[in-house]
Amino acid sequence: MGRKFFVGGNWKCNGSTEEVKKIVASLNAAQVPSQDVVEVVVSPPYVFLPLVKEFLRPDFHVAAQNCWVKKGGAYTGEVSAEMLVDLSVPWVILGHSERRALLNESSEFVGDKVAYALSKGLKVIACIGETLEQREAGTTVDVVAAQTKAIAEKISDWTNVVLAYEPVWAIGTGKVASPAQAQEVHVELRKWLKANVSADVAASTRIIYGGSVNGGNCKELASQPDLDGFLVGGASLKPEFIDIIKSAEMKKNA
Ligand SMILES: O=C[C@H](O)COP(=O)(O)O
């Protein structure tokens, strides 16, 4: 079976009740390809998850932006995987580079989080990606392979994992990776999965791209054979997110 195109909208730490209602209304009114062609997941801050879940169209789904590494308890400020399951939140983003960099989340910690979230029945968008310094030093593939290894060591079933390749230098900078740069890393990740996990996991795992994706660059990126969708930040708060969802049509015609 082919890899269904996936478009995630990571709203990060943005929004108010009024803004969230407006975004949801615009998503609900949009004409987009069917669920057979594209899986759409939006990720508001925790506090807006119930509101978004209540009003969002049924063919779109929600994700949390993080969850705790183990069962809840005395961990002030954290939200557990069990709580997300309780709220029927199906997806969670883990290992985003902003958390790795600003909150010192190590690859090992991210691997533990991915394993725990999966064990509780959540589906995971697991983020990896190199910094500009690492790219310029020629270590991109080593870096993303090591980040992927830290996850692979902790899980055996990849069915509910989407791997999001997000070069740190492209996030929120307007400097998008070229389609060739993105394709190259996605191919290397698939090779790594084939060599270190299995051919089946390499062929079936969706690898999506994130970093300054917008309505203008999405089609060319989407036409890359190993790019299975997007994790969109800034543009997911704007009407152009609909155009990004529609870029799934590039695959249908491929
Ligand atoms: O999770 C999304 C990424 O951080 C991309 O953000 P961006 O589209 O604003 O560059």
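Ala, Val, Leu, Ile, Met, Phe, Trp, Tyr, Cys and Pro count as nonpolar here, Asp, Glu, Lys and Arg as charged, and the others, Gly among them, as polar. By that scheme the shell around the ligand divides into 5 nonpolar, 8 polar and 1 charged residue. This is a predicted model: local features need pLDDT of at least 70, side-chain atom pairs count only at pLDDT 80 or more, and totals for chains, interfaces and linings use all residues. Residues are numbered from 1 along each chain as its sequence is written.

The ligand is surrounded by 14 residues, a residue being near if its C-beta atom, placed from the backbone, lies within 6 Å of the molecule. Asn10, Ile171, Gly210, Gly233 and Gly234 are the closest.

Next, the strands. Helices (H or I, at least four residues) and strands (E, at least two) are DSSP runs, numbered from the N terminus. Strand β4, residues 91-94, is covered on both faces, with Trp91 and Ile93 buried on one side and Val92 and Leu94 buried on the other. Buried means that 20 or more other C-beta atoms, placed from the backbone, lie within 10 Å of the residue's own. In a regular strand, side chains alternate between the two faces of the sheet.

What are the neighbours of β4? Strands pair if DSSP finds at least two bridges between them. β3 (residues 60-64) runs parallel to β4 and is joined to it by 2 bridges, with Ala63 opposite Trp91. β5 is also parallel to β4, through 4 bridges, and Val92 has Val124 as its bridge partner there.

Technical notes:
A residue is buried if 20 or more other C-beta atoms lie within 10 Å of its own, exposed if 12 or fewer, and partly exposed in between; C-beta atoms are placed from the backbone.
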